[in-house]
Amino acid sequence: MSGEVKPESVFMGPLGMAAGHEPELLCIFGTGDLGRSLGQRLLQTGYRVVYGSRRPHSCGLLPLGAQVLSHAEAAQSASLVFICVHREHYDFLKTLAPQLKGKVLLDLSNNLKKDIYPEANAAYLQKLVPGAAVVKGLNTLSAWALHNGPLAGKQVYLCGDSAEAKQAVAELATKLGLSVLDRGSLSAARELEDFPLQLFPQWRLPLCLAVGLTAFFFFHLLIRDVIYAYVEQGKDISFRIMVSLANKVFPMVSLIMLSLCYLPGVLAAFLQFYRGTKYRRFPGWLDRWMLCRKQMGLLALGFAFLHVLYTLIIPIRYSAKHKLISKVVDEMKNNKTTPFGFDNTEAWGSDSLFALGILGFFLYVLLGLTSLPSVGNALSWREFTFIQSKLGHLTLFICTAHGYIYGWNKFLRPSTYKWWTPPGYMLCLVVPSVVLLLKLLLLLPCVDRSLTRIRQGWERSDSERVERQVDNF
C-alpha cells in the first residue's frame with residue numbers, strides 16, 4: 001500500500017498528541033518481521049504508521065492502514081523513527097542526515113554475537129547521523145512478542161544522551177503497556193545490546209547444580225548397586241539403571257535443590273544478626289544465589305514430578321511382573337507357601353512414607369503455582385510470603401521426614417555400607433537437615449526478637465552509641 005504523506009514539523013511533545021488531536025505519525029525503517037510486527041502493534045495502539053523502504057511499491061505485505069514511502073519522504077514526515085534494520089545496512093542513513101536532523105532515532109537492532117564490532121550499534125548510528133537524537137531501546141522485544149504476546153508489564157530498557165528523546169520514547173512504550181527502565185546515557189547501549197544474547201542467565205547456576213548433583217548421585221548409586229552386585233555377587237542387574245536407579249536419583253536431587261532454595265535466606269538472616277544491621281550489602285555470591293532461588297525451586301519441582309511418574313510405572317515394569325510370577329510359580333512347583341505375618345511397625349512405616357510423599361508433592365505443586373507471575377500477582381505480599389516461606393519450610397520438613405522414614409533403620413545394618421560407602425539417601429539428607437536446624441535456631445525467641453528489630457531498621461551500632469552518650473552525660 002503506497003501513498004503520500006505531507007511532511008510534518010518535528011513535535012517533541014508527548015507522542016500520540018500531535019497538533020489538532022490527530023494521532024501521531026511514526027516512521028519505521030525496515031519491513032521485515034520486526035518492522036511489520038511493530039507497525040501492527042503501533043496501529044492497534046492508535047498511532048499512524050509510515051514505512052520507509054528502498055522499494056516503496058514492492059516491499060511485501062504490510063499491516064493494513066500503514067503507508068509506504070521512500071526513506072527520505074518517510075523520514076521527513078515523522079518526528080520519531082524506528083530503526084529496524086541490521087547494522088550492516090546502516091550506510092544509507094548517512095545520506096539521510098539532512099532529513100533526520102532533529103529527529104529521534106530509536107535503535108532496535110541486535111547482533112548475533114558479542115563484541116563483533118568495536119562499538120555499540122547505537123553509538124555507530126549516532127556517528128552516522130550526528131544531528132539526530134539516538135535512543136537505544138525496545139531491543140529485547142521479539143517480533144513474535146510484538147505480534148502475539150501480551151506486553152502488559154513487560155520490562156524494557158532504554159538509554160540515550162537526550163533526556164527529551166528518552167522521555168518521548170518512554171511515553172510511547174508506556175502506551176504500549178511496557179514498563180520502562182532508563183539505563184542512562186548512550187554509553188550503556190552495548191550492555192543493552194548484549195541482553196538478548198544472554199541464554200537463561202538466572203538458570204545457569206541452578207542448572208549447573210542440578211546437573212552436578214544428578215551426575216554425582218547417579219555414579220554413586222551405579223557403583224553401589226550395579227557394579228557392586230556384578231563384582232561381589234556375580235549378578236547382572238544393569239537393567240535397573242533406566243528406572244530403579246533413576247527413581248532413586250530424582251528425589252535426592254529434588255530434596256537438595258529444595259533445601260538450597262531456603263539455605264541462602266537462612267545464611268542472610270544470620271549475617272544480618274551478626275552485623276546488627278540490614279543496611280549492609282550481602283556478599284556478591286549470596287546475592288546471586290538468592291536471585292536464582294525461584295529457578296532452583298522449579299527444578300526441584302521438576303525432579304519431584306519425575307520421581308512421582310517413575311514410582312507409578314514401577315509395578316508395570318517387565319522385571320517387576322517377572323519377579324512376582326516367578327515367585328508364584330516356584331511356590332506351586334515346590335508345593336510350599338511363604339509364611340506371611342502382619343508387621344504393625346512395617347505397616348506404619350510404609351503408610352507414613354506414602355502419606356508424607358503425597359502431602360509433600362502437593363505442597364511442592366502449590367509452591368510452584370504461586371511462583372507463576374499470574375498467580376503471585378493476585379496475592380498480597382503477606383499471602384505470598386506465607387506460602388513461599390512458611391509453607392516452603394513445611395514442605396522441606398515433610399520431604400525430609402519422607403527421606404528419614406525411607407531410610408528407617410537401614411543405617412544400623414552393616415550390609416547398607418557397600419564397599420564402606422554410605423547410601424545415597426543418607427547423603428541427600430545432610431543439607432536439608434542443616435537448613436532445618438539453622439531455621440530452628442532463628443525461631444528461638446531471643447534470636448527472633450533481635451532479628452525482627454534489625455529488619456525494622458534498628459541498628460546495633462546506633463543503640464550502643466546512644467548508650468555511650470547517655471553514660472557520658
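The crossing of α9 and α10 is right-handed, meaning the near helix is turned clockwise from the far one by less than a right angle. Keep in mind that this is a predicted model, where local features need pLDDT of at least 70, side-chain atom pairs count only at pLDDT 80 or more, and totals for chains, interfaces and linings use all residues. Residues are numbered from 1 along each chain as its sequence is written, and side-chain values use heavy atoms, with hydrogens and water left out.

**Exercise 1.** Work out how α9 and α10 are oriented to each other.

Step 1: find the helices, which are DSSP runs (H or I, at least four residues) numbered from the N terminus. Helix α9 covers residues 204-233, and α10 covers 244-275.

Step 2: take the axes, lines fitted to C-alpha atoms over the stretch in contact, with angles from 0 to 180 degrees between N-to-C directions. They come within 9 Å and cross at roughly 140 degrees.

Step 3: classify. Under 35 degrees is roughly parallel, over 145 roughly antiparallel, 65 to 115 roughly perpendicular, and the rest oblique. So α9 and α10 are oblique to each other.

**Exercise 2.** Find what V253 is in contact with.

Step 1: contact means heavy atoms within 4.5 Å.

Step 2: skip neighbours within four places in sequence; that leaves A210, L213, T214, F217 and F303.

Step 3: check the helix pair. In α9, A210, L213, T214 and F217 are among the residues that meet a set in α10 including V253.

Conventions
Helices (H or I, at least four residues) and strands (E, at least two) are DSSP runs, numbered from the N terminus.
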